[in-house]
Amino acid sequence: MSEFLTLTITAMVPFLFVAQGTMLSGRAGIFNVAQEGLMLLGAAVGYIISLKAGGNVVGIIAAALAGAVVGFILSWATTSLRLDQFVVGLALFFLAGGTASLLYRVVIGNDEPPRIAPLPELILGQDAMVFVALALSGFLWWWLYRTDAGMRLRSVGENPKAADSLGINVARTRMWAGTVGAALMAVGGAYLPMVFSGVYADGIVAGRGWLAIALAFFGGWRPQYILAGSAFFAAMEVLAQRAQVSGVGIPHQFVSMLPYIATLAVMVFALRWALVPQFLGKNYDRESRIVG
Amino acid sequence: MSTDVTQAPEATDVTDVAAAPPLAQRARSLAFAAIPYAVAVLAAFVVVAVLITVLGHDPVAAFRAVLTNSFRNQTGMVQTLHKWAPLTLLALAFAIPLGAGRFNIGGEGQMILGTVGAAAVGITMSDLPMVILLPLVLVVGTLAGAVWSAISAWLMESFKINEILSTVLLNFVSFEVLDYVASVVWSDPGAGGAVTLPIGEGAVLPGIGRPPMHTGVLLVLLVSVVAAVMAKRSVAGFELRAVGLNERASKLHGIRTGRVAVTSMIVAGALAGLAGAIEVAGVHQRTLEGIQSNFLLLGIIIGLIARGSLTAVPFVAFGIAVLEVGAGSMQRVSGAPVEIVLILEGLILLFLLMSDVATERWRRARQARASRAKSQLTKGAVA
């Protein structure tokens with residue numbers, strides 16, 4: 001049982017980073033859909049820098065910076081140029097994913113890739129990133145719901161016009177929320193090779209980025225529920241792996257399906273609870289005369 | 001969630017329906033639509049050329065390899081057309097709901113269900129003669145895709161569940177369905193891996209030419225022509241665009257916007273399902289894990305580069321198919337890695353978006369100049 005718990009906590013960390021990043025951007029109204037690409041980029045940059053610089057911390061910081069650059073492009077294109085968020089997000093998803101594979105191919109080539117050192121154990125058999133992820137979730141909750149700055153950020157996602165009229169800089173808020181959010185997503189990606197495989201591969205993310213979007217909706221765009229949702233998704237992932245190896249009476253494919261179907265079911269029953277920021281994915285034009 | 005991706009070309013299309021403008025005006029608007037494309041493609045190629053040079057390869061050789069591979073011989077052409085067929089269908093499956101302002105990210109899952117449906121019929125009824133079996137395979141595949149997207153459409157309409165979310169989640173469910181079918185139900189024990197038994201001989205799409213091109217390509221050509229004509233000339237197509245441009249106004253004018261959105265999703269699923277059936281009946285003669293390839297992503301990119309115009313989709317799809325087929329040959333000839341092609345496609349899309357901004361600013365500046373000139377004129381008249 002404790003092994004199950006350990007595995008679940010490890011599997012939870014990438015979900016947590018990426019989903020909280022999605023939530024942070026989304027709360028300011030930036031709907032990032034480039035998670036899959038950003039995670040891939042984070043994984044590639046994190047792996048390569050860790051290998052070359054010889055330290056996981058440097059790798060994680062480099063991955064965060066790479067993610068921040070992509071997030072900044074997204075935020076700039078959707079606030080200053082007011083391009084469609086979804087379309088720009090998808091374009092960046094392709095670009096980030098392509099860049100990740102390219103970086104790996106150029107630096108490592110087709111040779112047998114060397115493994116990077118796994119993250120060292122801190123306490124309770126868990127590495128430091130686990131605690132960073134948990135602390136981040138707590139901090140985000142406190143910051144969004146217990147500080148003025150957090151309330152301002154939420155107001156930008158709910159009603160930018162009202163926020164603007166109160167002197168909140170909508171564009172700047174969105175810019176930094178989008179940038180930091182994307183950096184968190186890349187960190188979530190960088191965690192993968194450091195814990196699971198030791199090497200980078202093009203299929204390493206395996207849809208976790210898209211699932212993080214589902215998690216953000218699942219958690220009603222609130223950090224505390226996203227934490228719970230991540231734990232659930234991670235537990236299911238571990239359970240499905242276990243079912244595949246040892247068998248649990250029903251075909252493992254049906255166990256693997258569970259989290260996705262459960263998410264849809266929760267969405268159906270939690271209709272009122274799963275609130276979505278009003279301006280999620282919509283750009284704000286100060287000069288526009290159309291309300292809403 | 002509303003979008004303005006389709007705005008630029010559609011604005012002229014609406015007048016198209018009302019009264020055809022003179023030919024000269026049409027030609028000019030076509031030219032204006034073509035310029036941003038040319039600039040975006042050119043800019044993307046230039047950036048990628050710099051990238052290839054930095055990596056120490058020859059960009060000219062790389063581009064020659066990637067662009068000529070499809071046209072050098074029959075094999076390259078057939079490969080390209082075999083790629084083109086599913087790409088066009090998947091791009092339509094993305095672009096049609098996009099017209100109504102909905103995002104179908106589930107083309108992959110719908111296609112997989114299409115392959116499962118087609119394979120199920122092709123395997124269990126393999127003794128039937130071709131005249132019955134082949135149409136049955138295609139129809140069941142199409143229906144399976146439609147049912148899969150209908151789930152998302154229903155969740156979207158009845159429970160207001162974001163369609164991006166439900167289609168993405170159903171993609172993951174479809175992978176498991178495929179795995180179950182291919183490794184448990186109709187597993188081919190000799191194949192090793194999640195591969196089904198082959199479908200009956202009567203279920204295989206006949207090929208033409210040498211090397212044979214499966215006739216699914218012709219079917220897709222027909223479908224894309226019908227889709228393009230429907231979008232431009234039918235009431236359904238008009239309603240679709242109206243809902244995408246302004247959902248509230250459409251509702252006020254009596255369009256049943258919910259029904260339009262739901263229909264667009266179901267049609268999209270049917271097309272993706274057909275793509276799956278064609279892959280089974282034309283290319284693989286079975287379904288297997290990974291049959292969906294990266295068609296979903298490329299379909300989205302094609303739909304977005306075509307800016308939701310169903311007429312443009314087949315042409316853009318052909319261009320992307322050429323790039324995809326040429327990617328391998330590029331790596332062999334020039335040493336530039338295949339990932340370059342993905343970056344090229346992403347950049348084309350990004351620059352196309354940027355060119356929208358540029359065109360818009362240029363048009364506004366011109367309008368401002370014109371109105372300034374006009375006001376000076378009237379001032380002069382008063383004086």
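Let's start with residues 45-74 of chain A. That span is 93% helix and 0% strand, and its end C-alpha atoms lie 19 Å apart. Helices here are DSSP runs of H or I with at least four residues, strands are E runs of at least two, and both are numbered from the N terminus. This is a predicted model, where local features need pLDDT of at least 70, side-chain atom pairs count only at pLDDT 80 or more, and totals for chains, interfaces and linings use all residues. Residues are numbered from 1 along each chain as its sequence is written, while chains are lettered from A and ligands numbered from 1 in the order in which they are written.

Why pick that span? UniProt, in an unreviewed entry, lists it as "transmembrane region", together with residues 86-108, 128-145, 175-193 and 257-276 of chain A. The positions are in the numbering used here, feature names are shortened, and annotations may be inferred rather than shown by experiment. Take residues 128-145 of chain A. They are 100% helix and 0% strand, with end C-alpha atoms 26 Å apart.

Now chain B. An unreviewed UniProt entry gives the "transmembrane region" feature at residues 30-55, 84-103, 132-156, 168-186, 295-320 and 340-359. Residues 84-103 of chain B are 80% helix and 0% strand, and their end C-alpha atoms lie 22 Å apart. Residues 295-320 of chain B are 73% helix and 0% strand, with end C-alpha atoms 11 Å apart.

Next, chain B as a whole. It has 14 helices and two strands. Its radius of gyration is 23 Å, close to the 21 Å of the globule rule for 383 residues, so chain B is as compact as a globular protein of that length. That radius is taken over C-alpha atoms, and the rule is 2.2 Å times the number of residues to the power 0.38. The C-alpha trace of chain B spans about 95 × 60 × 35 Å along its principal axes.

How much of chain B is buried? Of its 383 residues, 53% are. Buried means 20 or more other C-beta atoms within 10 Å of a residue's own, exposed means 12 or fewer, and partly exposed is in between, with C-beta atoms placed from the backbone. Contacts need C-beta atoms, again placed from the backbone, within 7 Å. In chain B, 79% of the contacts with a separation of 6 or more join residues 24 or more positions apart.

On to the core. The largest nonpolar core has 230 residues, and A:Ala186, B:Leu90 and B:Ile302 touch the most other members. Helix H11 of chain B, residues 257-284, gives the largest share, 16 residues. A nonpolar core is a set of buried Ala, Val, Leu, Ile, Met, Phe, Trp, Tyr and Cys residues joined through C-beta atoms within 7 Å. Beyond its neighbours within four places in sequence, B:Ile302 contacts B:Leu87, B:Ala91, B:Val313, B:Val316, B:Ala317 and B:Ile320.

Two helix pairs. H4 of chain B, residues 74-99, crosses H11(B) at roughly 170°, and their axes come within 8 Å. That makes H4(B) roughly antiparallel to H11(B). Among the residues meeting there are B:Leu89 and B:Leu90 in H4(B), and B:Leu271 and B:Ala275 in H11(B). H8 of chain B, residues 216-233, packs on H9, residues 235-245, at about 70°, with axes 5 Å apart. So H8(B) is roughly perpendicular to H9(B). Axes are lines fitted to C-alpha atoms, for helices over the stretch in contact, and angles run from 0 to 180 degrees between N-to-C directions. Under 35 degrees counts as roughly parallel, over 145 as roughly antiparallel, 65 to 115 as roughly perpendicular, and the rest as oblique.

How do the chains meet? The contact takes 37 residues from chain B and 34 residues from chain A. On the chain B side, H6, H7, H12 and H14 each give two or more residues. H14(B) gives the largest share, eleven residues.

Most residues other than glycine have a negative phi. A:Trp221 is not a glycine, yet its phi is positive, about 55°. It lies in the loop between H9 and H10 of chain A. Is A:Trp221 buried or exposed? Buried, with 23 other C-beta atoms within 10 Å. B:Lys160 also has a positive phi, near 55°. B:Lys160 sits in the loop between H6 and H7 of chain B, and is exposed, with 12 other C-beta atoms within 10 Å.

Conventions: Two residues are in contact if their C-beta atoms, placed from the backbone, lie within 7 Å.
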